[in-house]
Amino acid sequence: DIDFVVSKKEGIKEGEKITVTAVSDIYRFDVTSKEFKVEGLSLFLNDLNDLSDDVIKSIHEFSEDEINNGSLGITFRGTVVNLVPYKFYLESNNKDSNVLYDVYKISIKTNSGKVFDKFVVAYYKDFLLNDEKSFSSI
């Protein structure tokens, strides 16, 4: 039997170094420990200030695609004349759960020529920052 002991299991940050040590009463090893640099770590978003401009741009592009292709179940009676990001909201337990809301203001022109505004929300549950330029959501 071989057990592996990790120097740190929680609160690990990108770029941090951790050590993994192999322990056994049966086997002998030439090298029992190895140090690793933490890379490619996905983190739950806990603060909107952690979003880079590139990630914000990617979120808006994804949200707009979802709104325009009908994936959110939103239908419009008329023609969309303006689609503008309005506000971000974040609900987070600061540990392992969150919801990011990307709110849009949409101006719609009806067949009679009247223009009215509607607000729609694209939301992302358990939003993860994969790196400075990408994200994922469950």
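**Helix over sheet**

I looked up helix α1 (residues 53–68) first, and it lies across β5, β6 and β7, running at about 55° to β6. Helices (H or I, at least four residues) and strands (E, at least two) are DSSP runs, numbered from the N terminus. Axes are lines fitted to C-alpha atoms, for helices over the stretch in contact (heavy atoms within 4.5 Å). Angles run from 0 to 180 degrees between N-to-C directions.

This is a predicted model: local features need pLDDT of at least 70, side-chain atom pairs pLDDT 80 or more, while totals for chains, interfaces and linings use all residues. Residues are numbered from 1 along each chain as its sequence is written, and side-chain values use heavy atoms, without hydrogens and water.

**The sheet**

I traced the order β5-β6-β7 in an open, antiparallel sheet of three strands. Two strands pair if DSSP finds at least two bridges between them. The edges are β5 (79–92) and β7 (115–125), each pairing on one side only. Ignoring direction, neighbouring strands are turned by 20° against each other on average.

I then followed β5 into β6 (residues 98–109): they pair in the antiparallel sense over twelve bridges. E91 stands opposite V99 in β6. Five residues separate β5 and β6 in a hairpin, and N94 in the turn has a positive phi of about 60°.

**A loop residue**

I found I26 in the loop between β2 (17–23) and β3 (33–37). Is I26 buried or exposed? I26 counts as exposed because its relative accessibility is 59%, and exposed means over 50% relative accessible area (1.4 Å probe, protein chains only).

Note on methods: Buried < 20%, exposed > 50% of the residue type's maximum accessible area, 1.4 Å probe, protein only.
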